[in-house]
Amino acid sequence: MRAEPITCYRPRPDLASVVAAPPYDVFDRAGAAAYVAAHPQSFLAVDRPETGFAPEHDMYADDVYARAHDLLAARVNAGELLRDGTPCFYLYRQRTADHEQTGIVAAFSVDDYTNGVIRRHELTRRDKEDDRLRHIEATTCQTGPVFLAYRENPVLEALVEAAKTAEPLYDFRDEDRVRHTVWRVARPAAVESIRLMLEHVGCAYIVDGHHRAAAAARFCQRARTEEGADHTGDEAYNFFLGALFPASQLACAPYDRVVADAAGLSEGELVSALEAAGLSVGERRSEPVAPAERGRLGMYAFGAWRELSLPGERPDDVAASLDAALLQELVLGPVLGVCDPRDDARLSFVGGGDLAELERRAGEEGVAFSLFPTSVNELMAVADAGGLMPPKSTWFTPKLKSGLFVRRVCLRECLIDGARPRRREE
């Protein structure tokens with residue numbers, strides 16, 4: 001696998017904690033606007049530039065993406081984001097009370113993404129790809145890392161641990177009490193050692209950020225076409241910003257489902273339909289059901305919880321055998337009429353195992369399902385087989401922050417260089 005050190009814009013150390021933002025895609029539009037209003041220095045204002053417009057403004061209008069460029073340029077020119085022109089690897093550790101993970105922030109090859117060395121497990125939506133592509137085109141930058149995982153490499157991990165003995169560049173806690181620590185690896189010998197060891201990583205897996213990766217690949221293809229015979233393969237656009245973590249360090253939480261209504265079924269009719277589909281249905285109970293093992297589900301409907309058990313027989317295909325896939329195949333589609341989980345407005349998702357939120361979302365008319373988490377090994381097995389998971393099958397936490405590393409991929413003349421560009425006649 002090819003991965004290279006990066007040059008980037010990054011926050012001034014005293015501003016890192018207020019600039020660092022949750023990923024752009026964990027918010028709906030109203031939620032993003034509320035977060036930016038409460039955190040005006042947050043990088044989310046750049047990642048979600050529609051937050052600077054009225055709610056009725058077209059969030060995909062040209063002036064929205066132009067605002068992302070202008071905000072980013074203003075922050076660079078104000079000295080809030082500093083240019084680090086030395087090619088570096090960065091180490092990014094996240095720590096909670098009971099969990100720790102450390103990844104390598106680098107530029108990863110688009111060719112490895114397109115030829116399957118960097119493997120995906122989800123379909124992407126064209127409109128969401130278009131949004132991130134236009135964001136790259138407007139800002140000339142990649143602003144949030146693609147979250148990647150790899151099977152363990154003890155030598156590489158030893159190099160990472162050794163580099164973490166140095167003084168960190170950033171060290172702060174966010175509003176969720178997650179501690180974020182970043183080290184800058186710039187010494188040429190250390191950079192080369194990490195680069196060479198990354199070559200021995202046979203493949204990587206996209207954990208989160210499929211739309212960012214797909215948009216980077218599309219931007220690369222356009223740039224290569226424009227460059228023509230001058231293209232070398234080493235230009236910045238041939239790589240995407242990513243953070244690579246050992247799979248064994250990652251924690252996957254449940255990603256639950258809520259259907260807005262029971263498709264006209266009464267409680268008894270719903271139970272009968274589930275049993276006809278081969279599920280075992282438990283008795284009504286007031287306590288929430290957090291599944292303790294694969295094959296068990298919780299269901300909240302008509303003011304009560306029930307425990308469900310999926311049929312014992314599972315398909316041989318690893319993707320089709322996932323609990324989320326079986327729920328879709330046996331229940332959401334045939335019983336509740338959710339035929340395409342990618343774009344059915346009746347279906348929503350709740351990440352992180354928040355059972356109280358499931359109850360709230362379901363209300364009096366909806367039906368909510370709690371699932372046992374998909375494992376990292378299941379994710380890798382699906383990707384290795386060339387399969388695709390149902391949408392929203394995995395919820396990894398903690399999330400990577402956006403805005404800590406802003407990587408230029410197009411060096412055309414623009415304001416995001418720390419100074420206004422010279423006039424052509426000068």
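## Helices α7 and α8

Helix α7 (residues 154-163) packs with helix α8 (residues 188-198) at an angle of about 155 degrees, their axes 9 Å apart. Axes here are lines fitted to C-alpha atoms, for helices over the stretch in contact, with angles from 0 to 180 degrees between N-to-C directions. So α7 and α8 are roughly antiparallel to each other (that label means over 145 degrees). On the α7 side, V155, L156 and L159 meet S193, I194, M197 and L198 of α8, where contact means heavy atoms within 4.5 Å. By class, the α7–α8 contact has six nonpolar residues, one polar and no charged.

This is a predicted model: local features need pLDDT of at least 70, side-chain atom pairs count only at pLDDT 80 or more, and totals for chains, interfaces and linings use all residues. Residues are numbered from 1 along each chain as its sequence is written, and side-chain values use heavy atoms, with hydrogens and water left out.

## Helices α6 and α9

Now for the other pair. The axes of α6 (residues 126-139) and α9 (residues 210-227) come within 8 Å and cross at roughly 60 degrees. That makes α6 oblique to α9, oblique being whatever is left once under 35 (roughly parallel), over 145 (roughly antiparallel) and 65 to 115 degrees (roughly perpendicular) are taken out. Their contact has six nonpolar, one polar and nine charged residues.

## Around α6

Buried residues of α6 include E129, L133 and I136 (buried is under 20% relative accessible area, 1.4 Å probe, protein chains only). The buried residues of α6 pack against α3 (44-47), α4 (62-77), β6 (141-142) and α9. Just after α6, T140 takes a positive phi of about 60 degrees.

Note on methods. Helix = DSSP H or I, 4+ residues; strand = E, 2+ residues; numbered from the N terminus. Nonpolar A, V, L, I, M, F, W, Y, C, P; charged D, E, K, R; others polar. Buried < 20%, exposed > 50% of the residue type's maximum accessible area, 1.4 Å probe, protein only.
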